[in-house]
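Take a look at the sequence and the model, then read on.

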Amino acid sequence: MYQTTHPFQLGPYILHHVLDSHEWHLPFLPVIHLPEFISLHGVMIIFCALILVVLFCGFYRHGQRVPTGITNLLEAFVQFIRDEITIPFLGQEDGVQFTPFFCTLFFFILGLNLLGQIPLFATATSNINVTFPLAFITFYLMTVMTLQKRGLKGFFRAIVPSGVPWPILILIVPLEFLGIFIKTVTLMLRLFANMLAGHIVILCLLGLIILFGLWALPALVLAIFFSLLEILIVFLQAYIFVLLSALFIGQMYHPDH
Amino acid sequence: MQTLEISHLANLFVAVGMGLSAVGAGIGIGQIVAAALNGIARQPEQTGKIQTVMFIGMALVEGLAVMCAILSFFIIFQK
């Protein structure tokens, strides 16, 4: 175990901030003890969902010829997802059909990530139990929906590449089949690990200040820099999650392309 | 005199391994971005497409490094 003379322990301090709990620390208020059936990350998820519902049902104005204000902001994202992510990977017909799903995924992940950047809120996406269901939706679309839409033949056409001599197929087909699971797992781990690692790095830098006092003040500049980088990563990870989901689903739906 | 325990040594090895994974990811991302910059410089009108592919590649490489970092954290904190 650690044998330090200093009473402050950096490891437990970081873990306490990053891990899920049933307590919510707010400034100038007593600690909010959450009930047994919901944890802090659960509260964040519900909060994010409420924000999205209010944004898209309350503030989003349909049928504006020239979108203004919040409608303009949201519409830029929606159009970006439709034109840059879904239609290139899923084709014109499926792409338009799937745009609402990918928009939901994108805004949900983005909302959860951004909530984590606000001080005193928690990042729900840094919990692997949150990212697994998100990745599992992609897995469901990759397997069950492909079977339903394309049939067993279409499913095997996605797994078995055409124009390959049969001895190599013995090697490739199990790999492709395993690949479906590997893709899901990496999708899950990437979002989880990125959000967790960003927070741990920032907390490590802030912990230096507690450990070394005034001498570690330059670490504060680094922490601010990492916070700014984190805001970039928040958008990038939401984008990449949706992009890779579209890519994987597109590979199963249209194996010829 | 303080004796060197095996757990201290493990921490050292974890730190070295994490640094090595960061080196690998740095080389990988550097090459991807360099290639993307070359492509964009040659054909500026294809910027969007090149950026999309670049982000996919970057995500795949970066995911590996981040997974190494998380595993290192778990190994250190778990004791």
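**Two helices side by side, and a partner chain**

In chain A, the axes of α6(A) and α7(A) come within 10 Å and cross at roughly 175 degrees. Angles over 145 degrees count as roughly antiparallel, so α6(A) is roughly antiparallel to α7(A). Sorted by class, the contact of α6(A) with α7(A) has 21 nonpolar, seven polar and three charged residues. Keep in mind that this is a predicted model.

**Chain A at a glance**

- Chain A has seven helices and two strands.
- Taken along the principal axes, the C-alpha atoms of chain A fill a box of roughly 65 × 55 × 40 Å.

**Where chain A meets chain B**

- On the chain A side, 21 residues are in contact with 19 residues of chain B.
- The area buried between chain A and chain B comes to about 1900 Å², and carbon and sulfur atoms give 76% of that area.
- Looking for salt bridges across the interface of chain A and chain B, the rule finds zero.
- As for polar contact, the rule finds two residue pairs across the interface of chain A and chain B, both at pLDDT 80 or more.
- Three helices of chain A, namely α1 (10-18), α6 (166-212) and α7 (218-253), each supply at least two residues of the side that touches chain B.
- Of the elements in chain A, α6(A) gives the most to that side, with nine residues.
- By class, the side of chain A that touches chain B divides into 16 nonpolar residues, four polar and one charged.

**A crossing between the chains**

- How do α7(A) and helix α2 (residues 47-78) of chain B cross? Their axes come within 10 Å, at an angle of roughly 100 degrees.
- Angles of 65 to 115 degrees count as roughly perpendicular, and therefore α7(A) and α2(B) are roughly perpendicular to each other.
- From α7(A), the contact is made by A:Leu236, A:Gln237, A:Tyr239, A:Ile240, A:Leu243, A:Leu244 and A:Leu247.
- Across from them, α2(B) brings B:Thr52, B:Phe55, B:Ile56, B:Ala59 and B:Glu62 to the contact.
- Split by class, the residues of the contact of α7(A) with α2(B) are nine nonpolar, two polar and one charged.

How values were computed:
Residues are numbered from 1 along each chain as its sequence is written. Chains are lettered from A and ligands numbered from 1 in the order in which they are written. This is a predicted model: local features need pLDDT of at least 70, side-chain atom pairs count only at pLDDT 80 or more; totals for chains, interfaces and linings use all residues. Side-chain values use heavy atoms; hydrogens and water are left out. Contact means heavy atoms within 4.5 Å. Buried area is the accessible area (1.4 Å probe) that two parts lose on being put together, summed over both. A salt bridge is a side-chain nitrogen of Lys or Arg within 4 Å of a carboxyl oxygen of Asp or Glu. A polar contact is a pair of N or O atoms within 3.5 Å; within protein, one must be able to donate a hydrogen and the other to accept it, and residues adjacent in sequence count only if both atoms are side-chain atoms. Helices (H or I, at least four residues) and strands (E, at least two) are DSSP runs, numbered from the N terminus. Ala, Val, Leu, Ile, Met, Phe, Trp, Tyr, Cys and Pro count as nonpolar, Asp, Glu, Lys and Arg as charged, and the others, Gly among them, as polar. Axes are lines fitted to C-alpha atoms, for helices over the stretch in contact, and angles run from 0 to 180 degrees between N-to-C directions. Angles under 35 degrees count as roughly parallel, over 145 as roughly antiparallel, 65 to 115 as roughly perpendicular and the rest as oblique.
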